[in-house]
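Please look over the structure below before reading on. The text after it works through contacts between chains and contacts within a chain.

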Amino acid sequence: MNRIVELFRNKSEQILNIYFTAGFPTLENTVPVLEALSEAGVDLIEIGMPYSDPVADGETIQQSNQKALENGISIKRLFEQLSGIREKVKVPILLMGYLNPVVQFGVEDFCRRCAEVGIDGLILPDLPVDVYKEEYKGIFDRYGILNIFLITPQTIESRIRKIDEVSDGFIYMVSSASTTGSQKGITDEMKAYFSRIKEMNLRNPRLIGFGIKDYETFHTACAYANGAIVGSAFVRLLEQNQENQRAAILNYVSSLRHSHQVEKIFSNLSA
Amino acid sequence: METTELKSAFQVDERGYYGTFGGAFIPEMLYPNVEELRRNYLDIIADPAFQREFRDLLTDYVGRPTPLFHARRLSDTYQTTIYLKREDLCHTGAHKVNNTIGQILVAKRLGKQRIVAETGAGQHGVATATVCALMGLECIVYMGKIDMERQKPNVDRMHMLGAKVVPATSGSQTLKDATNEAMRHWINNPVDTHYIIGSVVGPHPYPDMVARFQSVISEEVKKQLLEKTGRSTPDYIIACVGGGSNAAGAFYHYLDEPTVRLVAAEAAGQGLTSGHSAATTALGKPGILHGSRTILMQTEDGQVVEPYSISAGLDYPGIGPLHAHLYSSGRGRFFSITDQEAVEAAFELSRLEGIIPALESSHALACLPKLKAASDEVIVICLSGRGDKDLAAYTAYLDK
Ligand SMILES: Cc1ncc(COP(=O)(O)O)c(C=O)c1O
């Protein structure tokens, strides 16, 4: 069974999905981050495939993409890094990126490599629903790869229903009209949108992303959905903790889950 | 602009494609905006009140029709008959304003309060700032940091017109990056903002909408050529292609006239093999750029290549989907023009006809020696803009 499907079958709340950029801050950092996240007990991992023109991303992820490309990452190299990963990491893994590099790699070859290394799903924000249905779904299905779609506060109900219909795995709820790394926090307006979607009783579970960064935002999001996704905040953490990366990751993930960790960090800071 | 629906292999289909190119490859964050535009643009444009307002502004504000000028000394030099479509005489100095007038009227009818735009040479930025001032709308223009330096007169004009110019500092800091930033701005301001794209690029319906607004160019050429020569079709029509809006407008009413050869000039920069080029069809492959399936310059790994051209308006790694289709189907013929060839053509036109062309338009002029037209053939060149903004680049070249 697909690991994402299995995850949601066994767990329906407080699901923590962490995004990081492959090959960042150093080329060979992909596997160490995966291992530390697995050790830290995250539920899902999303690996960003760097792209030269990531239009849906804010500055933090843009810059990490740029750096990773300068480091020499490519999709081919990423698959090499990921080969054998399933011996060590059991957590479901998604690849997130833009359509053009996937098209150049060849959609069929891409899915085959995903299946070989143990990738469970893809997030390709610029792949339109209709093109997916007509041209891609057959290939994705053949290799057991799920495609995750986004919805936003502006997505109208009929379209959400249509997306729910073609989705398997989960629906990615973008928290506000924003690129990644929004600093807006979680406003009442967002909560009203979260409630509205919750009450739609969709077929698929929902994870909330964009602007999730700490215990408070994670748990607020979890009150309205099955879990949440942390991206830019984690990328910043990687950038700032290159020396003691593993410990920083364990500590951060724990701080997202448990409020006492936050207190501990704060008391450390004030000490 | 004729709004009658031409059923043609070169017009966009119902799904937003030109052959296999086009579509709307956009993140969900942009979907509601683009969909709102897609659902409404044809009805808005077809509305007689819209047509009247658009036509009146083109006449009284832009100064249309622009002349079709028989360039006699240039014709003698190339032993053929050459007409220049004088888009350089449009208000603000280039064809770009045809599109911004159309789009600002669309934006107003959609109830938008703010306009965001990208610009390369600054001509589209100026044309956008101009119509925003005219209509009293807030205007934000993203411009590559490098382009802000090399097209400073246009930055000053935008400021004077009351626009906010934001430097795009990512990537190559040119038009591609300004477009990324404008798209991000739109993602962050989805409800009250309209994005005025400056060329026939981007997701459907932009390429079609912009082509329709620019189609006034060939609509006028047809009439003017008939008056001057007794025939409405030239043998060649030449235009430069950055994203391809002046070319789309110049080709539009000739797309289905197979006797008219459509010639596109793209920027080869320092040469096709120099690694500093923007010649998209010569160096690119099909893929996805700025929401459209088109031809773009990219690496093996599908990363977009940072282009180079002396001309900021042609310094773009893609072309609009219509042009990708014209190229792939063989309907259009594409020439790669180097910086040097373009500058030489600019001096030639200046000295022969007393017209200083924009660097972009000079690329179209530089096709003349390559075309080898016969003496009884008629060539129309779309002179997309004037060269005032490029004087620094031209004089620097003279000094070399
Ligand atoms: C004078 C002029 N011509 C041509 C272009 C290229 O744009 P397009 O290919 O859309 O006509 C520009 C762009 O800035 C321009 O300023």
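The model is predicted.

The interface between chain B and chain A is the place to begin. Chain B contributes 33 residues to this contact and chain A contributes 38 residues. Together the two chains bury about 2700 Å², with 50% of that area on carbon and sulfur atoms. Within chain B, the residues that lose the most area to chain A are Glu28(B), Met29(B) and Arg184(B), which together make up 23% of what that side buries.

Polar pairing across this interface can be listed in the same way. There are 18 residue pairs in polar contact between chain B and chain A, counting pairs with both residues at pLDDT 80 or more. Which elements give two or more residues to the side of chain B that touches chain A? They are the helices α1 (31-46) and α8 (175-188) and the strands β11 (285-289) and β12 (292-296), each of chain B. Of these, α8(B) supplies the largest share, 7 residues. Sorted by class, the side of chain B that touches chain A has 16 nonpolar, 8 polar and 9 charged residues.

Charged residues lead on to salt bridges. Side chains of opposite charge can pair when their charged atoms come close.

Over all chains, the structure holds 43 salt bridges. Within chain A, Arg203(A) forms one with Asp168(A), where the closest N and O atoms are 3.9 Å apart. This pair links distant parts of the chain, its two residues being 35 residues apart. Arg203(A) sits in the loop between α9 (188-198) and β8 (206-209) of chain A, while Asp168(A) sits in the loop between α8 (157-166) and β7 (171-174) of chain A.

Chain A also contains a helix pair to examine. The axes of helix α2 (residues 30-40) and helix α12 (residues 245-257), both of chain A, come within 9 Å and cross at roughly 40 degrees. The crossing of α2(A) past α12(A) is right-handed. On the α2(A) side, the residues that meet α12(A) are Pro32(A), Val33(A), Ala36(A), Leu37(A), Glu39(A) and Ala40(A). Their partners in α12(A) are Gln245(A), Arg246(A), Ile249(A), Leu250(A) and Val253(A). By class, the residues of this contact divide into 8 nonpolar, 1 polar and 2 charged.

Notes:
Residues are numbered from 1 along each chain as its sequence is written. Chains are lettered from A and ligands numbered from 1 in the order in which they are written. This is a predicted model: local features need pLDDT of at least 70, side-chain atom pairs count only at pLDDT 80 or more; totals for chains, interfaces and linings use all residues. Side-chain values use heavy atoms; hydrogens and water are left out. Axes are lines fitted to C-alpha atoms, for helices over the stretch in contact, and angles run from 0 to 180 degrees between N-to-C directions. Helices (H or I, at least four residues) and strands (E, at least two) are DSSP runs, numbered from the N terminus. A crossing is left-handed if the near helix is turned anticlockwise from the far one by less than a right angle, and right-handed if clockwise. Contact means heavy atoms within 4.5 Å. Ala, Val, Leu, Ile, Met, Phe, Trp, Tyr, Cys and Pro count as nonpolar, Asp, Glu, Lys and Arg as charged, and the others, Gly among them, as polar. Buried area is the accessible area (1.4 Å probe) that two parts lose on being put together, summed over both. A polar contact is a pair of N or O atoms within 3.5 Å; within protein, one must be able to donate a hydrogen and the other to accept it, and residues adjacent in sequence count only if both atoms are side-chain atoms. A salt bridge is a side-chain nitrogen of Lys or Arg within 4 Å of a carboxyl oxygen of Asp or Glu.
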